[in-house]
Amino acid sequence: MKKPTLILGIILILLYMFAGGDNKILYILKSPFGIVVYLLFSVSIFLGIFKGRFGIYRLPSISLRVGVALFMIAFLISVHIRDTKEVLAIEGRKSILYGKEIFFKKIDVDVPDEFFEVGEASFTLKKAILEAEIDGKNLYIDPVVPLRDGLSYYRVVGVGLLGNLPYGNDYIESPLEVFPPGRRSEVRLPGGERLTINLLPEKEFKKGLLSGKLYNLKKITYYAVFKGEDGRIIKEGKLEGDRRFFLNLLVVKDPAILFIYEGIFLIIFGIIIYPLRFLSPKP
Amino acid sequence: MLEIFLISLWRALLGFLIILPCATIDRRKLYLSVLTGAILGLISGYYLGVFLEIKYLIVFSVYYCSLFLIGKTSTYLRDTLSGVFSGLGYFFIFQSIGALSKDTALLKENPYIFFISVLGLFIGIGLTYPIVGRIIRALPIEKIFSATSVSLFLGAVLIFIDARDMAIVMESGIRQFLEGLVREVFSSMIISPHEFIKTPLSGLFEFLRGDRLSMVFTVVILLFPPIYILMRFYQVPEPSDNSKGAQKRLRLSFFRKDLIYLSVSPIFAFLSVLISIHTANLALNPLYEPTPIPIKIEDSVSMKIPTTELIDERLRKYIFFYGDKKITLLAVMRPDGNVGLALDECEICPPGKGYGQGKGHLVCIYCMTPIPLNSIGSPSGCNPIPIPFKIEEDFISIQVDALIRVFKASRALKRGGHI
C-alpha cells in the first residue's frame, strides 16, 4: 500500500478512536476535518489504479479500488443529502410525498390466523406487500428489495394492527405496534392520557417446564390499560379489535444510492476474481 | 507489605525481558533509562493512576513500529530504540505498581507502602542485570536483534507483561466498529434487517456484527507483524558469489544461522501475543462453574429439584452424599425446553474436574470438549452420563437407587469403556 494511503488510513483510525457520540462513523463524516481526510483517503485508493500497467491480471485490484473509492464517496454524499420519511400506509388511504400522490390500494400480509408461542419460537412474516398507485403507476412494494421510482426508493419496514380505540363517546383510529404478539404498544391520547395495549392470548399452556401462549389473530382481542397524565390507572380490561393491518413505508430520496450499490458490486466482483492475480506470469 | 514488595520485585525481575535486547548498549545509559522510567512510572502511578488508553496506544505503537523499521540495519538506531523502549517499558510496568501501592497504602493505612515498592524495584533491577547479564553476553545479541526485532520484541514483551487485556480492548473496539459500519452500510443500501419480517441478508448482518468476526480480526491484526516480519526475513535471497565447495557451504551455513537468530524475536512475539489473545478469549467467554449445593432429600427413596431453579438456563450442580462418597449431579434447562440431568463426569475422562458452561454448550474441563446443550441427557462419548428422572408438577424427581446404580457403573468403568 502506498505511504499516503497508509498515513491517511492511520489518521482515520485515530479519528475514529477519539470520535465522540454514539455513532462515531457519522461523527467523522460530518466533521470538516473528518470529511477532508476521508475524501483524500478515497482518492488515494482510486489513484492506486494508475500504478503499473493495465492488464487482465490487474482487473481484481482495479475493481476493488474503484469499488471502494466509489462506495466511500457515494456513502459520504448519501450521509449529507439523503432525505428519509416514514409513512403510515393504511388500505384505501392517500398520502402526498415529495409532491407525489400515493394511493395505498391493498395490503397483503401473511399474518397467520393463530400463533402459538412456545419457548424460543419466533414470530416471522415472509410477506408484507403494499400495492400502491404513485403518479398513475401501479407499484408493489415489499420489505425485501427497495423499489426505485426515479430518485425515490420505497420499502416496507414495519407491520402492525390498526386499532379502533374507544375514547369518550367516540373512537380513535390508531396504529398499534403489537407484533410480535406479547409486545406492548403505548398510545398517547388527545387528552394527554396514555394507553398501553397488547394482544391477549386466547389460551395459556403449561406442562412441566414448558409454557406456551396461543394467540387468535383472526378474532383480535387486546388487553388495554388506560392511564392518566400522572400515570394513575383509570381503567383496564379486554378490548375487541379488527384484523386490519397497517404498514410502515420508508421513502428515501437519495441520488447516491445507485453508486453505493455499484461500489458494493465492484468490491464483491473484485474479491471473487482476486485469484486471477496469482495467475499473472512472473517477470 | 510483603506482598507489595514481592510484586515489585517480581515485576522488576520480569523486566529482564525488556533488558534483553539492550546488552549491546552502555550499561550506565541502560541503568539510567531503566531507573528513570521505573521511578517516573512509580510516581505517576501513585499520584495520577494508570492511563490505560495512553498505555495501550504507546504499546501498540511500539509493537507496530516494527513494520516500518524493516530493512533498517543501523546499529545506532537499534541501540537508541532499545534504550528508549526499555525506559518506556519500565515506566508502564511500574506505573501499575505505583497505582497498586497507593490503593494498598489507603487500604492498610500505611504510608510506607510506596517505599517498600521502591525497595522491591531497586533490588529487582539490581539483581537482574548481574544475573542475566552474563547469560545475555553469551548470546549473539547483535545477530538476534535488529531495529525491527527490538521494536517487535519489546512491544510483545509489554503486551505479555503489562497489557494482556489489550486484546480484549481491541476486540471490543473492533466489534463496535463492525457493528456501526455494518448498520450504516445496510442502512445506506436500504436493506436493514427487521425484527420479525424476513429480509435478505439478515443472517449476514448478524454474522458481520457478531463477536466471532471481531475476534478473527483481532487475531489477524495482532499476529500480522511477527508473521510478516518473519516472511520478510526469509525472503532475503541466499548469498551467491563465485566461491565454491567448502567455502560456499561455510557462507551458506553462516547465512542460515543468522536467519535462525533473526527468527527468535518474531517467534517470541508470536507466542507471547498468542497467549495474550488466548487470555482475552477466555475472559470474553468464561466458563461458568457453579459451586455444587447439597441436594434436598425428601425421603430415602427419592430426591427433588425444583424446576424453577433451572428457568434461567444456567448450569446447576448438586451433591448427594453416599456413605463417604460424594455424587455430583448437574442439571440444566436445554434450549429445546427439556431438562438435562446427568452425573458431573463422562465415560472417557477421569472423574473430578466436571463440566463448566460456555455460550450455548457445556465444556468438559478435563479435555475442554464442548458439548451442545441439546445433547445433555443423551449418553455418548464426552457427554455427561445421564441419570433417569421424572418431571412431577414443578419438580424433577430422581430415584436414589437409580442414581447410585448409575454412579457405581460409572466408577466401575475403565475410562474409555461404556456403561
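Helices, of at least four residues, are DSSP runs numbered from the N terminus. The exercises below apply this numbering to a predicted model.

**Exercise 1. Determine where A:D22 lies in chain A and whether A:D22 is buried or exposed.**

Solution. 
1. A:D22 belongs to the loop that links helix 1 (3-18) and helix 2 (24-30) of chain A.
2. A residue counts as exposed when its relative accessible area is over 50%.
3. The relative accessibility of A:D22 is 84%, so A:D22 is classed as exposed.
4. For the pair A:D22 and A:E186, the separation is 164 residues in sequence and 26 Å in space, taken from C-alpha to C-alpha.

**Exercise 2. Describe the backbone of chain A at A:Y98, A:D135 and A:P180.**

Solution. 
1. As a reference, most residues other than glycine have a negative phi, and most peptide bonds are trans.
2. A:Y98, which is not a glycine, has a positive phi near 50 degrees. This residue sits in the loop between strand 2 (94-97) and strand 3 (100-109) of chain A.
3. Between A:F179 and A:P180 the peptide bond is cis, and its omega is near -5 degrees. A:P180 lies in the loop from strand 9 (170-176) to strand 10 (185-188) of chain A.

**Exercise 3. Characterise the packing of helix 3 against helix 5 in chain B.**

Solution. 
1. Two packed helices are described by the angle between their axes and the distance between the axes.
2. In chain B, the axes of helix 3 and helix 5 (residues 75-108) are 6 Å apart, and the angle is about 30 degrees.
3. Angles under 35 degrees count as roughly parallel. Helix 3 and helix 5 of chain B are therefore roughly parallel to each other.
4. The crossing of these two helices of chain B is right-handed.

**Exercise 4. Identify the residues of the nonpolar surface patch on chain B and the helix that contributes the largest share.**

Solution. 
1. The patch covers about 700 Å² and consists of B:I39, B:I43, B:Y47, B:L48, B:F51, B:I54 and B:F122.
2. Helix 3 (residues 27-48) of chain B supplies the largest share, with four residues.
3. B:I54 is located in helix 4 (residues 52-68) of chain B. Because its relative accessibility is 47%, B:I54 counts as partly exposed.

Key: Residues are numbered from 1 along each chain as its sequence is written. Chains are lettered from A and ligands numbered from 1 in the order in which they are written. This is a predicted model: local features need pLDDT of at least 70, side-chain atom pairs count only at pLDDT 80 or more; totals for chains, interfaces and linings use all residues. Side-chain values use heavy atoms; hydrogens and water are left out. Patches are made of residues with over 30% relative accessible area and no salt bridge: like charges are joined within 9 Å, nonpolar side chains (Val, Leu, Ile, Met, Phe, Trp, Tyr) within 5 Å. Accessible areas come from the Shrake-Rupley method with a 1.4 Å probe; for residues, only the protein chains shown count as cover. A salt bridge is a side-chain nitrogen of Lys or Arg within 4 Å of a carboxyl oxygen of Asp or Glu. Buried means under 20% relative accessible area, exposed over 50%, partly exposed in between (1.4 Å probe, protein chains only). Axes are lines fitted to C-alpha atoms, for helices over the stretch in contact, and angles run from 0 to 180 degrees between N-to-C directions. Angles under 35 degrees count as roughly parallel, over 145 as roughly antiparallel, 65 to 115 as roughly perpendicular and the rest as oblique. A crossing is left-handed if the near helix is turned anticlockwise from the far one by less than a right angle, and right-handed if clockwise.
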